[in-house]
Amino acid sequence: MPRTALRICPLCEATCGLTLTIDGTRVTGARGDRDDVFSRGFICPKGASFGAADADPDRLRTPLVRRDGALREATWEEAFDAVAAGLRPVVEQYGPHAVGVVLGNPNVHTVAGGLYPPLLLAGLRTHSFFSASTLDQMPKHVSSGLLYGDAGAIPVPDLDRTDHLLLIGANPLESNGSLCTAPDFPGRLRALKARGGTLTVIDPRRTRTARLADRHVAVRPGADALLLAAMTQVLFEEDLVGLGHLAPHVQGVEDLAAALRDFTPEAVAAACDVEADVIRTLARELAAAPTAAVYGRIGSCTVPHGTLASWLVDVLNILTGNLDRPGGALFPLSATDKTPRPAGPGRGFALGRWHSRVNRHPEAKGELPISALAEEIDTVTDEGSPIRAVIAVAANPVLSAPDGDRLDKALGTLDFMVSVDPYLNETSRHAHVVLPPPPPSQAPHFDFAFNALAVRNQVRYTPAAVPLEPGRMPETEILARLVLAATDWGLPCSSEAESLGKYGAAAAVDTMVIDQTLGKAVTEAHSPVHGRDPRELAAQLTGDNGAERRLDMMLRLGPYGDGFGSRPDGLTLEKLLAHPHGIDLGPLTSRLPQPLKTVSGKVELLPGPIAGDLPRLRQALGERAAGLVLVGRRHLRSNNSWLHNVPALTGGSNRCTLQVHPEDAERLGLVDGAPVRVRGAGGAVTAPVEITDTVRRGVVSLPHGWGHDRPGTRMSHAALDPGVNVNQLLDGSLLDPLSGNAVLNGVPVDLLPLDTPDRPATSAKDLAPQN
């Protein structure tokens with residue numbers, strides 16, 4: 001007899017609540033949970049395909065260990081034996097930095113991914129840490145760190161109360177939002193317009209979001225920071241700056257005005273391909289709105305001045321008095337945030353505490369640019385050892401990072417590699433050990449990352465909807481055992497470790513974390529458990545496993561928690577489990593100055609690294625690619641590369657085509673549907689042409705995540721229509737210098753006959769000034 005179960009969707013950042021239909025142990029259907037306190041029944045095609053993604057027959061079910069050159073099925077014990085035997089000698093002989101850790105996007109969509117990778121990094125003590133953040137969002141982390149002293153303090157637009165929303169480089173009708181967790185983003189935008197609000201979209205493509213807008217500005221790709229700088233200059237020039245309630249919390253206004261004086265609308269118009277009068281109108285409308293919010297995303301991050309663009313998004317919100325007020329951009333307060341400390345100066349945010357070995361890229365937020373991963377493996381220098389082993393967790397950088405061909409070759413030279421991945425994909429096929437987590441239906445879900453970016457404060461937890469299949473291991477257990485197999489961390493109780501198996505178990509790791517966390521919390525004066533006995537506190541924790549006990553601890557210590565009994569009406573895991581559709585914690589509220597951790601205790605409008613990068617932006621006023629430039633695009637039915645293996649999510653509009661404007665197609669003699677050679681600095685690919693006026697003249701668009709044609713993978717449906725890897729057009733040399741983020745948009749490409757040799761196209765480094 002079919003039954004139903006609740007599950008938070010893990011397939012994008014919207015975190016919608018689902019009601020699953022289950023027949024035995026198989027998910028046969030998914031619909032939106034109408035009682036979910038956050039999503040209210042909304043569902044997109046990805047969520048509706050949950051069952052198909054969950055039951056994909058190509059998902060790995062047992063560990064794989066490389067023997068005699070081939071990956072073969074193995075027991076879990078054999079797999080972790082192989083991990084220890086492969087990793088520990090590398091550390092002993094070459095040091096911890098010879099082990100690279102690569103985290104992919106799906107880590108932030110799982111309980112295990114939120115809890116255990118920090119322990120792995122701490123245990124290894126490696127500086128060779130890479131993640132998908134430097135392909136996507138690192139500029140926002142860096143700009144937030146410099147402005148507010150905390151790289152995690154990212155304000156989000158108050159979508160449900162704003163009067164004026166300006167989106168730059170964002171297409172939430174197809175992406176469902178990013179760094180702004182908002183189920184039914186499309187409905188929220190329509191509600192904005194229905195209540196008389198204004199939606200402005202700045203994007204080189206006329207996306208679905210742009211078609212909904214009151215005003216669409218087709219900026220030239222890569223010119224986002226110039227456009228925003230000119231809008232800021234107009235606010236100063238026309239005396240439109242109004243800090244309002246922010247005045248006591250902000251420093252550097254006069255210095256900022258002087259720094260941006262030269263970025264007039266007239267000065268930037270040619271580089272942006274936006275008329276000066278339009279730029280002035282954008283600034284005036286923003287300043288005149290009763291409430292307003294500027295929101296920038298991947299299109300404004302993955303460009304040469306991504307950190308400056310991200311900084312200027314917040315600068316505009318600050319100068320118009322819209323930061324930290326209802327209807328503007330506010331700081332969410334997640335249920336698992338640390339107990340808010342008293343407002344006051346903090347340690348601030350530092351960049352470049354260490355550098356990559358080959359090209360000396362500075363770290364940002366503890367990470368090195370993933371574009372540098374290949375060179376850190378395949379290049380020998382006098383400074384330290386190359387990376388000789390890699391731990392990849394839910395990561396497929398051969399497709400997601402620039403120049404996958406070079407990385408593909410580099411991974412094949414490693415002494416050892418372990419992948420935690422449900423698929424044998426373009427990256428994990430190189431592993432010596434593959435550890436497959438169970439499908440989503442067999443795992444619990446809590447959004448540690450996305451609740452801290454949500455447009456409304458709420459908390460939801462869904463236990464596993466289906467029992468763990470025999471022979472499977474929970475992902476929490478996989479990552480905990482990986483920590484123990486890869487590092488020399490001691491356990492809190494050796495007798496407990498011995499009773500739990502050769503490498504201990506998640507329970508032992510979780511006990512260690514709980515003891516350390518509570519031991520620290522009782523010493524902090526602002527903590528609700530200050531002065532108490534940590535052992536007595538640990539005894540109060542509930543949950544069926546160590547991960548749930550850690551979640552209970554975080555909830556109790558958090559801003560809404562019960563403080564282990566000191567606030568009886570507060571939040572606990574038991575209370576959350578009693579509300580399966582979630583608990584609404586209310587709209588976002590003003591929080592300054594508490595979130596600020598800068599050395600000054602104020603919002604620092606013109607931090608030194610930002611000021612130091614402005615001359616590079618000034619130089620961009622005279623730079624412009626002579627030919628076509630490339631941008632990516634999102635599809636509603638896609639997110640990560642593995643979703644191309646789900647038949648229900650491919651076909652239709654989700655195709656790997658090169659979009660070209662009709663005038664460019666006519667000039668170049670291109671035919672709709674016919675193949676064309678696309679050449680960039682990193683190589684060339686062949687893709688079918690899609691002629692459309694949704695891209696502006698001079699711009700071509702190719703989606704990401706495709707290129708499923710490499711041998712040795714086991715993604716059968718994706719291989720039927722592999723598409724091409726857009727990131728192969730990039731050589732990985734062009735980065736935003738402050739954040740290390742790869743430049744994926746606004747890069748020059750050539751369109752050529754199919755028989756053209758694969759020599760590099762004009763590099764973005766070789767842009768020539770034009771009058």
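**Figure 1. An open sheet of 7 strands with mixed pairing has the order 5-4-17-16-15-6-7.** The model is predicted: local features need pLDDT of at least 70, side-chain atom pairs count only at pLDDT 80 or more, and totals for chains, interfaces and linings use all residues. Residues are numbered from 1 along each chain as its sequence is written, and side-chain values use heavy atoms, with hydrogens and water left out. Strands (E, at least two residues) and helices (H or I, at least four) are DSSP runs, numbered from the N terminus; two strands pair if DSSP finds at least two bridges between them. Strand 5 and strand 7 (129–131) stand at the edges, each with a single partner strand, so one side of each has no neighbour in the sheet. Neighbouring strands of this sheet are turned by 20 degrees against each other on average, direction ignored.

**Figure 2. Strand 4 (residues 64–67) pairs with strand 5 (residues 70–73) in the antiparallel sense.** Strand 4 and strand 5 form a hairpin with 2 residues between them. In the turn, Asp 68 has a positive phi of about 55 degrees. Strand 4 is also joined to strand 17 (residues 433–435) by 2 bridges, and these two strands run antiparallel. There, Leu 64 has Val 434 of strand 17 as its bridge partner.

**Figure 3. Strand 16 (residues 416–420) and strand 17 pair in the parallel sense.** This pairing has 3 bridges. Val 434 in strand 17 stands opposite Ser 419. Helix 19 (residues 475–486) packs on the sheet and touches strand 15 (389–393), strand 16 and strand 17, where contact means heavy atoms within 4.5 Å. The direction of helix 19 makes about 160 degrees with that of strand 16; axes are lines fitted to C-alpha atoms, for helices over the stretch in contact, and angles run from 0 to 180 degrees between N-to-C directions.

**Figure 4. An open sheet of 4 strands has the order 11-10-9-13 and parallel pairing.** Strand 11 (215–217) and strand 13 (293–296) are the edge strands, and each pairs on one side only. From one strand to the next, the twist averages 15 degrees. Strand 9 (residues 164–168) pairs with strand 10 (residues 198–202) in the parallel sense over 5 bridges, with Ile 168 opposite Ile 202 of strand 10. Helix 8 (residues 185–194) packs on this sheet, touching strand 9, strand 10 and strand 13. Its direction makes about 135 degrees with that of strand 9.

**Figure 5. The axes of helix 10 (residues 224–237) and helix 12 (residues 265–272) come within 9 Å and cross at roughly 160 degrees.** Helix 10 and helix 12 are therefore roughly antiparallel to each other; angles over 145 degrees count as roughly antiparallel, under 35 as roughly parallel, 65 to 115 as roughly perpendicular and the rest as oblique. The crossing of helix 10 past helix 12 is left-handed, a term used if the near helix is turned anticlockwise from the far one by less than a right angle, and right-handed if clockwise. Helix 10 makes this contact through Leu 226, Leu 227, Ala 230, Gln 233 and Val 234, and helix 12 through Pro 265, Val 268, Ala 271 and Cys 272. The contact residues comprise 8 nonpolar, 1 polar and no charged. Here Ala, Val, Leu, Ile, Met, Phe, Trp, Tyr, Cys and Pro count as nonpolar, Asp, Glu, Lys and Arg as charged, and the others, Gly among them, as polar.

**Figure 6. Helix 10 and helix 15 (residues 306–319) pack at an angle of about 25 degrees, with their axes 9 Å apart.** That angle makes helix 10 roughly parallel to helix 15. Helix 10 passes helix 15 in a left-handed crossing. Among the contact residues of helix 10 are Asp 224, Leu 228, Thr 232 and Phe 236, and among those of helix 15 are Leu 308, Leu 312, Val 315 and Leu 319. The contact of helix 10 with helix 15 divides into 13 nonpolar residues, 1 polar and 1 charged.
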